[in-house]
Amino acid sequence: MPDLIKAETLGLESLGGDGYLLKLSVPREDQALPLPGQFAMLRPTNASIQVFLGRPLSYFDAIPMGNGYVEEHFYLKVVGQGTRALADLNIGAPVEYLGPFGGGFSVPDGRAWLGGGGVGIAPMHHLVAESARRGVDRSRYRLFYGGRRK
């Protein structure tokens, strides 16, 4: 099981509606990156409300910083008090981080059809970004994205 570590908030971008891109600096001496399709449990530690349990969020991207840290991005949708507390984090705010969890999936080197919707698009973005870092021809991928209207 992964160790509980303290990450630091690098930024938070509004993606419109209830969606946010949360960016964390995560200490990783081995510089190992999470696989596309994995997730982490995140819990704000200095929120205005008490958050008891971490929230499972899929990796949107993971970028080695080269100094013993990895910049990890998460797509966050506010659906309750816990995710609201994460969306209200300020730069430099600490976050309890536990992960990665899940088997993830490998980067295909051939033709691939990708499917996702809503917050399920995060692992697809992570896969395409990781493919680009590995020099894989992304034009061989086709993405099918679904959503719903309110």
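E130 and R133 sit three residues apart, about one turn of the helix, in helix 2 (residues 122–133). Helices (H or I, at least four residues) and strands (E, at least two) are DSSP runs, numbered from the N terminus. This is a predicted model, where local features need pLDDT of at least 70 and side-chain atom pairs count only at pLDDT 80 or more, while totals for chains, interfaces and linings use all residues. Residues are numbered from 1 along each chain as its sequence is written, and side-chain values use heavy atoms, with hydrogens and water left out.

- The side chains of E130 and R133 meet in a salt bridge, at 3.1 Å from N to O; the term means a side-chain nitrogen of Lys or Arg within 4 Å of a carboxyl oxygen of Asp or Glu.
- E130 counts as buried, at 8% relative accessibility, whereas R133 counts as partly exposed at 37%.
- For those words, buried means under 20% relative accessible area, exposed over 50%, and partly exposed in between (1.4 Å probe, protein chains only).

- K6 and E96 pair up through their side chains, at 3.6 Å from N to O.
- That pair links distant parts of the chain, with K6 in strand 1 (residues 4–16) and E96 in strand 6 (residues 94–101), 90 residues apart.
- K6 is partly exposed, with a relative accessible area of 48%, but E96 is buried at 18%.
- E13 and K23 also join in a salt bridge, this one at 2.6 Å from N to O.
- This pair again links distant parts of the chain: E13 belongs to strand 1 and K23 to strand 2, 10 residues apart.
- E13 is partly exposed, its relative accessible area being 36%, while K23 is buried, with a value of 18%.

- S25 lies in strand 2, which runs over residues 19–27.
- With a relative accessible area of 10%, S25 is buried.
- Setting aside its neighbours within four places in sequence, S25 is in contact (heavy atoms within 4.5 Å) with A7, E8, L10, M65, Y69 and V70.
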